[in-house]
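Biologist: I'd like a close look at one kind of contact in this model, please. Could you take me through it step by step?

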Amino acid sequence: MKPDDPLLKILVCPLDKGPLSLLAPGDALYNPRLHRRYPILDGIPQLLPSSGEQLSDAEHTHALRRLADREPGS
């Protein structure tokens with residue numbers, strides 16, 4: 001999955017129904033509101049609630065930095 005994939009505009013977190021962000025192309029989808037990461041396996045997002053992984057505060061901070069580094073103009 002790539003950052004410009006149109007599918008990203010319609011995928012939502014299964015828990016809060018909010019938008020997800022792509023971490024490292026093809027790596028995972030991230031919900032910064034709940035600090036949950038959902039894996040992407042063989043190009044398919046795993047969006048079952050049980051597939052999500054709760055991130056620690058340190059991991060959350062790292063994920064936010066990764067997202068900020070990808071933004072245009074950063």
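Biologist: Which side chain meets R37 in a salt bridge?

Modeller: That would be E53: the side chains of R37 and E53 form a salt bridge, with 2.8 Å from N to O. Keep in mind that we're looking at a predicted model. The two partners sit in distant parts of the chain, with R37 in strand β3 and E53 in strand β5 (residues 53-54), 16 residues apart. The general idea is simple: side chains with opposite charges can pair up when their charged atoms come close.

In one of them, R33 meets D16 at 2.9 Å, N to O. R33 is in the loop between β2 (28-31) and β3 (36-41), while D16 is in the segment before β1 (21-23), so this pair ties together parts that lie 17 residues apart in sequence. R33 is partly exposed at 42% relative accessibility, and D16 is partly exposed too, at 30%.

Then there's R66 with D27, whose side chains meet at 3.0 Å, again N to O. Here helix α1 (residues 57-70) supplies R66 and the loop between β1 and β2 supplies D27, a link across 39 residues. R66 comes out as partly exposed, at 25%, and D27 is also partly exposed, at 35%.

Methods: Residues are numbered from 1 along each chain as its sequence is written. This is a predicted model: local features need pLDDT of at least 70, side-chain atom pairs count only at pLDDT 80 or more; totals for chains, interfaces and linings use all residues. Side-chain values use heavy atoms; hydrogens and water are left out. A salt bridge is a side-chain nitrogen of Lys or Arg within 4 Å of a carboxyl oxygen of Asp or Glu. Helices (H or I, at least four residues) and strands (E, at least two) are DSSP runs, numbered from the N terminus. Buried means under 20% relative accessible area, exposed over 50%, partly exposed in between (1.4 Å probe, protein chains only).
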